[in-house]
Amino acid sequence: MKLTERQRKYLQRLAHDMKPVVQVGNAGLTDGLLAELNSCLTRHELVKVKVRVENRDLRDQTIGELSRITGAEIIQRVGNTVSLFRPRLLDTAITLP
C-alpha cells in the first residue's frame, strides 16, 4: 500500500503518544517475535517497535525486514523506534484522510 504524505503525517500524529509494543533485541527476528508483531498489527493496525541491536546498519536492515515480512508500511523512524502501519482488510479501525 502506498501512502500519501498527508496520510503519513496523519498516522505520525496518531503514533506520537504510543508506547512500543514489541521490542527486537540481539536475538533478532525470531518466529515468536514475528508472530507477536503480526498479531499486534492485526489488532491495532498502527504499532511502534523498538529495535535494540548492535549497530546502525544492522538496525536499518532489521527495520526493512520487519516491514517486508509483515507487509507493513514504515510510517516514521526516530532513533531505535519505528512506527509500522498495516490496515485490516475488513473493519478498519483507522480511517485515513
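Student: Is T95 buried or exposed?

Tutor: Bearing in mind that this is a predicted model, T95 is exposed, because its relative accessible area is 60%, and the cut-off for calling a residue exposed is over 50%. T95 is found in the segment after β4, the strand that covers 81-85.

Student: What does A93 contact, leaving aside its neighbours within four places in sequence?

Tutor: With those neighbours set aside, A93 is in contact with E45 and R88. As for L46, its C-alpha lies 9.5 Å from that of A93, although the two are 47 residues apart in sequence.

Student: Tell me about E45, then: where does it sit, and is it buried or exposed?

Tutor: E45 lies in the loop between α2, which spans 31-44, and β2. E45 counts as buried, because its relative accessibility is 0%, where the cut-off for buried is under 20%.

Student: What is the phi of E45?

Tutor: Phi of E45 is near 70°, a positive value in a residue other than glycine. Most residues other than glycine have a negative phi. D91 is another non-glycine residue with a positive phi, of about 55°, but D91 lies in the segment after β4 and is exposed, because its relative accessible area is 65%.

Student: Changing topic, how many helices and strands are there, and what pattern do they follow?

Tutor: The protein chain has three helices and four strands, and reading along the sequence gives the pattern α-β-α-β-α-β-β.

Student: How do β1 and β2 run, and how many bridges join them?

Tutor: Strand β1, residues 22-24, runs parallel to β2, and three bridges join the two. One of the residues involved is V24, whose bridge partner in β2 is V51.

Student: How many residues of β2 are buried?

Tutor: Five of the six residues in β2, which covers 46-51, are buried, so that strand is mostly covered.

Student: What about β3 and β4, how do they run?

Tutor: Strand β3, residues 73-78, and β4 run antiparallel and are joined by five bridges, with V78 standing opposite T81 in β4. The two strands form a hairpin with two residues between them, and in that turn G79 has a positive phi of about 60°.

Student: What share of the contacts joins residues at least 24 apart?

Tutor: Among contacts between residues at least 6 apart in sequence, 69% join residues at least 24 apart.

Student: Last one: how are the charges placed?

Tutor: There are 16 positive and 11 negative charges, and their mean positions are 6 Å apart. The accessible surface comes to about 6100 Å², of which 48% belongs to carbon and sulfur atoms.

Methods
Residues are numbered from 1 along each chain as its sequence is written. This is a predicted model: local features need pLDDT of at least 70, side-chain atom pairs count only at pLDDT 80 or more; totals for chains, interfaces and linings use all residues. Side-chain values use heavy atoms; hydrogens and water are left out. Contact means heavy atoms within 4.5 Å. Accessible areas come from the Shrake-Rupley method with a 1.4 Å probe; for residues, only the protein chains shown count as cover. Lys and Arg count as positive and Asp and Glu as negative; His and the chain ends are not counted. The place of a charge is taken as NZ of Lys, CZ of Arg, CG of Asp or CD of Glu. Buried means under 20% relative accessible area, exposed over 50%, partly exposed in between (1.4 Å probe, protein chains only). Two strands pair if DSSP finds at least two bridges between them.
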